[in-house]
Amino acid sequence: MSKSLSHVFLPVFGGTAFVLAAAVAFANRNYGQSQIETLETRIEQVEANAAAARENAQAEANRAAELELKVEEIQAAAAERVASGANLTAPAPSHDGIYGLGRPALEEEVAAWDVDVLPDGRGLPAGSGDVWTGEEVFADRCASCHGEFAEGVDNWPVLAGGFDTLADEDPVKTVGSYWPHLSTAWDYISRSMPFGEAGTLTADETYAIVAYILYSNDLVDDDFELNNENFADFEMYNMDGFVVDVRPETEYTEWRKEPCMENCKAEATVTMRSVFLVETPPEGGSNSVMNDANPDELPVFTADGPSFIPTAAPKPEEEAAATPAVQEAAEVDETAELVSAGEKVFKKCKACHQVGEGAKHSTGPTLNGVIGANAGSVEGFKYSNAMKDAAEAGLIWTAEEMAAFLAKPKEYMKGTRMSFAGLKKPDDIEAVIVYLKSFGN
Amino acid sequence: MDDAFKPSRRAFLKGSAAVAAGSVAGAAAADTPDPLITELQDWASYTGAGVDETPYGMPISFESHVVRRNVEWLTASPISSINFTPIHALDGTITPQGCAFERHHSGAIELRKEDYRLMINGLVDRPLVFTYDDIERFPRENHVYFCECAANTGMEWAGAQLNGVQFTHGMIHNMEYTGVPLRTLLQEAGADISPDKWVYVEGADASSNGRSIPMEKALDDVLVAFKANGEALRMEHGYPVRLVVPGWEGNMWVKWLRRIEVVDMAVESREETSKYTDVYADGTAQKWTWVMDAKSVITSPSPQMPIKHGPGPLVISGLAWSGHGQITRVDVSKDGGITWETARLGKQGDSKALTRFYLDTNWDGAPMLLQARAIDETGYVQPTKDQLREKRGENSVYHNNCIQTWYVSAEGIAENVEVS
């Protein structure tokens, strides 16, 4: 663009130079008069500049004063706290001037990140897109979630329709029916859509998609083209539908009052019970289950208490949660569960035995591959005579032998150095053997 | 106490110890010695875990149910979704980071400190770029604040929905933040801080989640935070830097904060027009409804925390908070709002932070309709559902700070209900 402009302006510049030369020649003939006029103009300019500078300085000073006042307020509040007791807390100190931290942002950097678009259209890049192009781009990039006609798939947002539903029980809030500014759509689509591929749309594609969304809302005809020139003129359907937070007037004035403490109403009746009971399974998440209980089953309360005590209690949450857990347990790999249980049992063995990668002999030998191995066969460990004898007799640590050993070590093998009382629970023994097996047979 | 309410025996026969029946708890009498006491226990004999077994500690396995949980059908994808803090199982006020609720619009991103940049631009004398290390060189402050999603309790506009305080009120957490006041950074850049200006903030994730904050708030108590509860922010809470906007809706607490722009008008981004606005009964919408009004809820007993011990001493406990400042009082009702008693505060509440309350009571074993009502330093009294609906209708999604009711049965089972 700038290149073609310079071609246009070059000949014009030649003409301007000629006019300037003529003006200088004329000025030479009336030197005194023209000098006075020039000086007067200069004075006017200087005065105007000075006024502008004063105004800027004043604005700057006002801003600084405001900030200073704010900081002073905060610090005064802190000082008051300190004075009121042994409290040395204070807000982070303000600095006289700046800290000089950070570095200047480069223009290219600001351009890369500062892409927001304001309601009046400021921030829009040059470009355009029409409804028909938009339909194609939308089908390709947006329709898998938002539907071919912007009607929304599954729980993904519906973008079209819903006009005149805002006062209904379930208002349908779409770009067409609800959004007050078109800039919001452009800004959001350009920056954050498509979901999972944000920032990949070109400006023209974004104009086209926005044009198509307006079309799918019946807000424009099929020959409509949206561009940076006509953008700000577009008025949204619900542009006047928003007011700024009215709670301070409608609610705070009424609800900042000492509340009732006794006999505040004649009775309290349950009008609705929880729609969903929520199960909380051990693996996480939640399951919602419809609650078929009826409010009539519950008593009415008065100042004297409940009208009756129901016999049919609601289903306990804990039991509800436990049911799926049990089912779940049956489904998971039993071995994996035993290994995990065995790992816990093994904590009792850990003071003397190591197992797994990098295991070393300690008070007792390492146990990698112990199940199924010959007794007393781990190299580099000094066994008791009892263990050596058993090894010579051909003892193999089958699961059964190991179980018997672990139940009562001293009884099973008189003279073993293993100073362990034994595992009382058969389940623990089974689990720890499966755990040991997981480190090789 | 009313004689009509004889408690069931079932609740008292627990374990090997039988508790004397009666509406007043007596000393427990044991028929047989407790083997947990008389027999040598494994843990009293064998050695336990060594140091360094878990370099970063996790809760003990017995507490593995105390986790954040989502409700799958609420949203289209877990990438743009919400889960809930297990507030029923917590006490005190600080929320551990690992179970503090998450809300993402494009998923939680992994952003290294080395790759972190914070830009401040717009109506400033000096557009600047900060690294993470730069941020740590500004004077910093510590504050405890609650962060509540505007949609917390949102489903309840349509009446009692999900049975569990985790799901009705769990879009909240409360942490001690360490951060630099936003005003310090605005000053550093020479920002135009006149009251009609706005500060637009956005995140580094794909959603960017941009929000406009009026200058007055930006200069007041907003923090650019990098630590929570003493340690680095968790990925899901915006590591390495997030914005903290005390008392205001959680959506404004932009995570992975990457840019601060001073502008002369609100940007009216998607998150402040199409979402986080409140449609009233007549179809008009409220915008810029930033403040989270005073609210409280009983966390125990509650549907996930039934009373297991039968009549006698009962601790009714819960949380209260207000975006307008300190909680000064919490009242509790056991009869659905006919009679109220003032609860005890765990400790004097911090401004815009969770306050714990307790009502130490003697339960007679009769059913209850439990309610809590918060009052803040402005004198604002938490409204009933009916009061809120009268003002706003039922079409809203956000800012439901109504009084919550739990029906507690004679068996101690609690259920989410709505009362007249």
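This note goes through a predicted model of chains A and B point by point.

1. **The interface by size.** Chain A and chain B bury about 10300 Å² between them. Carbon and sulfur atoms give 57% of that area. The contact takes 115 residues from chain A and 132 residues from chain B. Three residues stand out on the chain A side: Leu101(A), Trp113(A) and Trp255(A). They supply 9% of the area that chain A buries against chain B, more than any other three residues.

2. **The interface by polar pairing.** Between chain A and chain B there are eleven salt bridges. The count of residue pairs in polar contact between these chains is 58, with both residues at pLDDT 80 or more. Helix 2 of chain A, residues 31-84, gives the largest share of the side of chain A that touches chain B, namely seven residues.

3. Glu258(A) pairs with Arg329(B), and their closest N and O atoms are 2.9 Å apart. Another pair is Lys424(A) and Asp42(B), at 3.9 Å from N to O. Lys424(A) sits in the loop between helix 13 (409-412) and helix 14 (426-437) of chain A, while Asp42(B) belongs to helix 2 (residues 42-45) of chain B, so this pair joins two chains. How do the two ends differ in accessibility? Lys424(A) is exposed, with a relative accessible area of 67%. Asp42(B) has 24% and counts as partly exposed.

4. **The salt-bridge network.** The whole structure holds 43 salt bridges over all chains. Salt bridges that share partners tie eight residues into one network: Asp114(A), Asp116(A), Asp187(A), Arg191(A), Glu202(B), Arg258(B), Arg259(B) and Glu261(B). Both chains contribute to this network. A salt bridge within chain B joins Asp196(B) to Lys197(B), with N and O 3.1 Å apart. Lys197(B) is buried, at 11% relative accessibility.

5. **A pair inside helix 6 of chain A.** Asp187(A) and Arg191(A) form a salt bridge, and their closest N and O atoms are 2.8 Å apart. Why can they be placed about one helical turn from each other? The two are four residues apart in helix 6 (residues 182-192) of chain A, and that spacing is about one turn. In general, an α-helix has 3.6 residues a turn, so residues three or four places apart point the same way. Asp187(A) and Arg191(A) are both buried.

6. **The setting of helix 6.** Eleven of the eleven residues of helix 6 of chain A are buried, so this helix is largely enclosed by the rest of the structure. Among the buried residues are Trp186(A), Tyr188(A) and Ile189(A). What covers them? The cover includes helix 7 (203-216) and strand 3 (225-227) of chain A. It also includes strand 10 (198-203) of chain B.

7. **One strand pair in detail.** Strand 5 (residues 117-122) and strand 15 (residues 257-263) of chain B run parallel, joined by four bridges. Gly122(B) has Val262(B) as its bridge partner in strand 15.

8. **Cysteines.** How many disulfides does a search of the whole structure find? The search finds one over all chains. It joins Cys260(A) to Cys264(A), with 2.1 Å from S to S. The link is left-handed, with -100° about the S-S bond. Both ends are partly exposed: Cys260(A) at 35% relative accessibility and Cys264(A) at 28%. Cys349(A) is another matter. The closest cysteine sulfur to that of Cys349(A) is in Cys352(A), 8.8 Å away and too far for a bond. Cys349(A) is buried, at 15% relative accessible area. In chain B, Cys402(B) is buried too, at 0%.

Note on methods
Residues numbered from 1 in each chain as written. Chains lettered and ligands numbered in written order. Predicted model: local features only at pLDDT ≥ 70, side-chain atom pairs only at ≥ 80, totals over all residues. Heavy atoms only, no water. Pairing = 2+ DSSP bridges. Disulfide = S-S within 2.5 Å. Buried < 20%, exposed > 50% of the residue type's maximum accessible area, 1.4 Å probe, protein only. Salt bridge = Lys/Arg side-chain N within 4 Å of Asp/Glu carboxyl O. Contact = heavy atoms within 4.5 Å. Buried area = accessible area lost by both parts, 1.4 Å probe. Polar contact = N/O pair within 3.5 Å; in protein donor to acceptor, adjacent residues only side chain to side chain.
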